[in-house]
Amino acid sequence: MAGAQCFPEPEDSVADNKRGNTMTTNSEFKAWRVEERDGEYQGSEQTLSTADLSEGEVLIRVSHSSLNYKDALSASGNKGVTRSFPHTPGIDAAGEVVESATGAPAVGSQVIVTGYDLGMNTDGGFGEYIRVPAAWCVPMPSGWDAHTAMIYGTAGLTAGLCVGKLLKMGASPEQGKVAVSGSSGAVGSVAVELLANLGFDVVAISGKADHADSLKELGACEVVGRDALTEEKKPLLKPVFANAVDTVGGTPLAELLKQIQPGGSVSCCGLVAGPQLSTTVLPFILRGVNLLGVDSVEIPLADKQAVWEKFAGEWKCPKTEASARDIGRAELDEALKAFLKGASAGKIVLDHGR
Ligand SMILES: NC(=O)c1ccc[n+]([C@@H]2O[C@H](COP(=O)([O-])OP(=O)(O)OC[C@H]3O[C@@H](n4cnc5c(N)ncnc54)[C@H](OP(=O)(O)O)[C@@H]3O)[C@@H](O)[C@H]2O)c1
């Protein structure tokens, strides 16, 4: 499951206090809970007890969560994401540790939890409390807070992992343009800003003509419609992109692969346009194109922590931070439905204090 321990062991002299051996908290809290009624899935605010949460070493008072496409799938009853209901979605959470059976993370510390089983079959960040294994908790980077972390959320983490893989393959601005598909979405928009901040000429591919200006503000040098990636019969096309981040999968990814320069790479993380990939081997064997898979969920905790530390430092995306939208639990239903229609844009933070 999770990888390396990311917290320093507490010193013996403080360990007993920090270990918070009194796992007795039984607090009521609010959660946006999804229930199944006659095959329909409906979310609403409910009052739960921390005693009802799943087992785990760490109880966290969640101040903020972040909205992701996967949350919309969970909230709409997708059994590939969440097997049984009632359920509290929210694959992201950030907040304060209030009980810790292991002492690391320490009571009172701020942590980020994303992925693993959170919000899938473990109650997630759309509730004011979560209980999770210590091995899922990343310490909050210094100078950061829960709200900032949740502006990025799993989507930002994934964008960072996609860009990190391209860089590891040797991608550089001098090689040429880098394309981002699904560019107005949660992952795509962070990828656009991050790549632009790193000096790349970013071509944002988007189905939302009315978002061209905001994508340019994020740093895209060009915005093109999704028709740039509609199905063509030819197995290879003019190689116009040096590298790419693909957040949509399906036919657009197959078409993108045909347009990558020799030796270029495509980071692939999403499936909003479909999980199937119908391609030939020609981009791979004639142009040496690399298709790089990106998973943000089950990777070792230390790999997640490394990306969080970068976003809190050299990878900071000020425009994404400034343009994120905060919502309360009452607005979740509408915001999640927009994801399923492909109509969501930018980053949305759930603030439990609203
Ligand atoms: N691998 C991982 O660990 C990981 C982590 C996070 C997310 N993901 C996946 O990454 C994908 C994007 O997530 P997200 O949170 O960014 O979702 P999102 O906010 O809904 O963004 C997806 C974007 O894709 C475009 N799009 C939507 N439907 C499309 C279609 N049918 N054909 C082509 N483009 C379409 C839209 O952008 P435009 O209108 O600008 O084209 C939309 O805004 C999802 O499949 C999600 O499950 C994977």
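1. Glu96 and Arg61 form a salt bridge through their side chains, with 3.6 Å from N to O. Glu96 sits in strand S4 (residues 92-100) and Arg61 in strand S3 (residues 58-66), so the bridge joins distant parts of the chain, 35 residues apart. The model is a predicted one. Glu96 has a relative accessible area of 28% and is partly exposed. Arg61, at 38% relative accessibility, is also classed as partly exposed.

2. Side chains of opposite charge can pair when their charged atoms come close. The structure holds nine salt bridges, and two further examples follow.

3. Glu45 pairs with Arg329, and their closest N and O atoms are 2.7 Å apart. Is each partner buried or exposed, or something in between? Glu45 is partly exposed, because its relative accessibility is 42%. Arg329 is buried, because its relative accessibility is 11%, and the cut-off for buried is under 20%.

4. Glu222 and Lys177 form another salt bridge, with 3.0 Å between the closest N and O atoms. Glu222 is in strand S10 (residues 222-225) and Lys177 is in the loop between helix H3 (146-168) and strand S8 (178-181), so the bridge connects parts 45 residues apart in sequence. Glu222 is partly exposed at 30% relative accessible area, and Lys177 is partly exposed at 33%.

5. Salt bridges can share partners. Glu45, Glu128 and Arg329 are joined into one network in this way.

6. The domain assignment divides the chain into domain 1 (12-140 + 324-351) and domain 2 (154-293). Domain 1 is therefore listed as two segments of the chain. The centres of the two domains, taken over C-alpha atoms, are 31 Å apart.

7. Tyr69, Ala345 and Lys347 supply 41% of the area that domain 1 buries against domain 2, more than any other three residues.

8. Four residue pairs are in polar contact between the domains.

Technical notes
Residues are numbered from 1 along each chain as its sequence is written. This is a predicted model: local features need pLDDT of at least 70, side-chain atom pairs count only at pLDDT 80 or more; totals for chains, interfaces and linings use all residues. Side-chain values use heavy atoms; hydrogens and water are left out. Buried area is the accessible area (1.4 Å probe) that two parts lose on being put together, summed over both. A polar contact is a pair of N or O atoms within 3.5 Å; within protein, one must be able to donate a hydrogen and the other to accept it, and residues adjacent in sequence count only if both atoms are side-chain atoms. A salt bridge is a side-chain nitrogen of Lys or Arg within 4 Å of a carboxyl oxygen of Asp or Glu. Buried means under 20% relative accessible area, exposed over 50%, partly exposed in between (1.4 Å probe, protein chains only). Helices (H or I, at least four residues) and strands (E, at least two) are DSSP runs, numbered from the N terminus.
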